[in-house]
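Keep the sequence and the 3D view at hand while reading.

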Amino acid sequence: MDDRLQGDADWQKCLKCGDSRELIRLLPDKSVDFLLTDPPYNLSRHSTGNIPLPGRTPMNNDVAEWDLVDFAPEEWVEEFLRVLKPTGNLFIFTSYNQIGRWYASLDHRFDTSQFMVWHKTNPAPKIFKAGFLNSCEMIFCCWNKKHTWNFISQAEMHNFIETPICMGPERIKDPKHPAQKPLAVLRKLITIASNPGDVVFDPFMGVGSTGVAALELQRRFIGFEIDRGYFRAAWERVQRQMENLQSL
């Protein structure tokens, strides 16, 4: 791995704060075993605004300011393909308004593409009871022949994962990331699509959940994040996970 990206002596981790469009160019060709990421969904442009609730904090329908910035999946494909090993897997969390663009950009570049569904068992309620609850997020998955794959069992390999949203002590309160993913979801994906010692890469790492799960499962981790508040939270979480591993 390029010396400029080494986060520690044996580089179990490498975290960088900055624009992923620039930082990803520092990664060598075919250096990533599993690219697992959660880029912006651009849902805020479809929002009708926050919903006021009597005696409570308004329900956040606007996601965050960063979700208002136009995100074009097509602009990331070439660099994703460049850094991914031939045996690597590419999993991207996405939503209804972006999955078609990911499919159009990536399906013809891989031998296989599929999608998974993360079903949230405790989604936000529909206050006005109009329409369905937003209880599902999609994960677009791509790989080539002879890719790394750990098939658990027929019962465990359905293309959906069901968990509550991230909550309790696991939920980062300051800064609060509206799209923080539960470790349980990330652990399962990492277990299936990579092996111990592999490099897991998240160019939109947010508060570092992918890194925590990767290190816990004895993978190595590279993560980029442009927001300094999120980056600080990610750094602290990953450092704690490293300390936990060293104390075992």
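Which side chain meets that of Arg82 in a salt bridge? The partner is Glu79, with an N to O distance of 2.9 Å. The model is predicted, and a search of the whole structure finds 13 salt bridges. Three of these pairs are described below.

**A pair within one helix**
- Arg82 and Glu79 both belong to helix H2, which covers residues 77-83.
- Because they are 3 residues apart in this helix, about one helical turn separates Arg82 from Glu79.
- Glu79 has a relative accessibility of 22%, so it counts as partly exposed.

**A pair between two loops**
- Asp111 and Lys145 form a salt bridge through their side chains, at 3.9 Å from N to O.
- Asp111 sits in the loop between helix H3 (99-106) and strand E6 (112-120), and Lys145 in the loop between strand E7 (136-143) and strand E8 (160-163), so the pair ties together parts that are 34 residues apart in sequence.
- Asp111 counts as partly exposed because its relative accessibility is 44%.
- Lys145, at 65% relative accessibility, counts as exposed.

**A pair between two strands**
- In the salt bridge of Lys120 with Glu137, the closest N and O atoms are 3.0 Å apart.
- Lys120 is in strand E6 and Glu137 in strand E7, so this pair links distant parts of the chain, 17 residues apart.
- Buried means under 20% relative accessible area, so Lys120, at 12%, counts as buried.
- Glu137 also counts as buried, at 13% relative accessibility.
- Lys120 and Glu137 are linked with Asp38 and Lys181 in a network of salt bridges.

Technical notes: Residues numbered from 1 in each chain as written. Predicted model: local features only at pLDDT ≥ 70, side-chain atom pairs only at ≥ 80, totals over all residues. Heavy atoms only, no water. Salt bridge = Lys/Arg side-chain N within 4 Å of Asp/Glu carboxyl O. Helix = DSSP H or I, 4+ residues; strand = E, 2+ residues; numbered from the N terminus. Buried < 20%, exposed > 50% of the residue type's maximum accessible area, 1.4 Å probe, protein only.
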